[in-house]
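Here's a quick briefing to keep beside the viewer. Have a look at the structure first, then go through the points by topic.

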Amino acid sequence: MPEEIVMVTPDKSFVDLVAEYGGEGVKMCFQCGTCTASCPSGRNTAYRTRKTMRAAQMGFRDIAFSGDDLWQCTTCYTCQERCPRDVPIVDVVVAMRNIAVAEGKMYDPHRKTGQNLVEIGHSVSFGDKQKKMRADMGLDEVPPTVLANKKAMDDLKKILAATGFDKLVG
Amino acid sequence: MAKKYAFFLGCIAPLRYPGLEKSTRVVCKALGIELVDLKDASCCPAPGVIRSFSKKTWLAAAARNLALAEKEGLEILTICNGCYGSLFDAAHELAEDKELLKEVNGVLKEIGMEYKGTTKVRHFAEVLYKDVGIEAIKKKITKPVDYKVAAFYGCHFLKPSGIKGLDNPENPHILEDLIAATGAEAMPRAQASLCCGAGGGLRAAFPDNAMKLTKTNLENIKESGAKYIVDICPFCHLQFDIGQKDSGYSFPVLHLSQLYGVAMGMDAKELGFSAHQTPVKL
């Protein structure tokens, strides 16, 4: 039996949204597929870069956001380096991820990384074990970053709050 | 004249592999590079995760770090590809787009800061190659090594090459040259530019896929005859060091600063190998 052909209506507002988030370059994509052929992550997963670019262009939200595909990009830039149209592909992926996150989709381990930033100003945790490791190597127990200055940490927190990040990962 | 930079620590080096921070400090000193700690800096923030969640936050927090260096009047030096990726890209965007800079300064105003858009961001490997130079480095190598190594560039040192403009990302030579200066040899291997697997939030959320990429790299490294992995990124470093656990592989993982430390006759304690999970046998 032949497959049923389904008519879909492109949602043009989506590509404008992607552009607003910094992925305007996706409009240059002519769907050659060099990106997919170059993608190391796509060898292990169902992530298809070309398909993701198409979903952005046409506003196929269900294709763009269903499953984990969008989050399999390592941001290695191999696709972007080889793109004959100079599409800033990683910017497009980042824009689409920003949209997904703004709509409430965030993986727990990612949320944890984000919370680390809000709590201590770094993306990984820091505790007694690390302090000892540093001291044993003759380094200051606490590195001279926001970790060592409450005022600096408060400043960072204000920036995270002003840009809505604390709510995003809260 | 001594070369002077603002040392941007990042997260993984100071908080997971402080030996990388330590070896960078001692090696830079030996090479006549003065590092001034970039005090009060935060996470760059990480390009694969934080930028993926909110580019607005990423840019504003990066601008705060860039502004700290601008105030010191120094170029930033980082030993991490992730930090280099974030800070270089953010500095580039803010230098190119005055409207965006204005917008970001609107956020920085809340903490009484302003970024004028002038900070230059440099990677440790780039500074060694360009500002110190291979010949000057060779003069400081007191204990040449004969290791066969895998040169692991990682992704964000050379790419996106359109704005980094350092080397050909498909066939680079900078790291091989820096390695050769110590007497070691970088062994050619298949898929040499393949990502370690850690980036983009994969290590945190999709570790199976991350490990597949790591294992492909390890197979290629073994095939090449290399006995060590030399990286220029603490996150690649971590991915290979921890990722080899139960993998059947045990390549010691050295950050370039650690390889230099060894070739300058510094001892293991000074270079912080105790933090490594895969034992470093030299």
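This is a predicted model: local features need pLDDT of at least 70, side-chain atom pairs count only at pLDDT 80 or more; totals for chains, interfaces and linings use all residues.

**Sheet E6-E5-E7-E8, chain B**
- Four strands make up this open sheet, ordered E6-E5-E7-E8 in chain B, and the pairing is parallel.
- E6 (185-186) and E8 (253-255) of chain B sit at the edges with a single partner strand each, so one side of each has no neighbour in the sheet.
- Strand E5 (residues 148-152) of chain B is joined to E6(B) by 2 bridges, with the two running parallel.
- Helix H13 (residues 234-243) of chain B lies across E5, E7 (228-231) and E8 of chain B, at about 170° to E8(B).
- Helix H14 (residues 256-263) of chain B lies across E7 and E8 of chain B, and runs at about 90° to E8(B).

**Sheet E2-E1-E3-E4, chain B**
- This one is an open sheet too, with 4 strands of chain B in the order E2-E1-E3-E4 and parallel pairing.
- Its edges are E2 (33-37) and E4 (121-123) of chain B; each has a single partner strand, so one side of each is left without a neighbour in the sheet.
- On average, neighbouring strands here are turned by 45° against each other, direction ignored.
- Strand E3 (residues 76-78) of chain B connects to E4(B) through 3 bridges, running parallel, and Leu77(B) stands opposite Arg122(B) in E4(B).
- Helix H5 (residues 81-96) of chain B packs on the sheet and touches E1, E3 and E4 of chain B, its direction making about 155° with that of E4(B).
- Helix H2 (residues 18-30) of chain B lies across E1 (3-8) and E2 of chain B, at about 140° to E2(B).

**Nonpolar core**
- The largest nonpolar core has 161 residues, and Leu128(B), Ile179(B), Leu256(B) and Tyr260(B) have the most contacts inside it.
- Helix H4 (residues 55-72) of chain B supplies the largest share of this core, 10 residues.
- Setting aside neighbours within four places in sequence, Ile179(B) is in contact with residues including Val149(B), Ala186(B), Val230(B) and Leu256(B).

**Helix pair in chain A**
- H1 (residues 12-23) and H6 (residues 89-102) of chain A pack at about 105°, with axes 8 Å apart.
- That makes H1(A) roughly perpendicular to H6(A).
- Among the residues in this contact are Phe14(A) and Leu17(A) of H1(A), and Val92(A) and Met96(A) of H6(A).
- The contact residues of H1(A) with H6(A) split into 9 nonpolar, 3 polar and 1 charged.

Conventions:
Residues are numbered from 1 along each chain as its sequence is written. Chains are lettered from A and ligands numbered from 1 in the order in which they are written. Side-chain values use heavy atoms; hydrogens and water are left out. A nonpolar core is a set of buried Ala, Val, Leu, Ile, Met, Phe, Trp, Tyr and Cys residues joined through side-chain atoms within 4.5 Å. Buried means under 20% relative accessible area, exposed over 50%, partly exposed in between (1.4 Å probe, protein chains only). Contact means heavy atoms within 4.5 Å. Two strands pair if DSSP finds at least two bridges between them. Axes are lines fitted to C-alpha atoms, for helices over the stretch in contact, and angles run from 0 to 180 degrees between N-to-C directions. Angles under 35 degrees count as roughly parallel, over 145 as roughly antiparallel, 65 to 115 as roughly perpendicular and the rest as oblique. Ala, Val, Leu, Ile, Met, Phe, Trp, Tyr, Cys and Pro count as nonpolar, Asp, Glu, Lys and Arg as charged, and the others, Gly among them, as polar.
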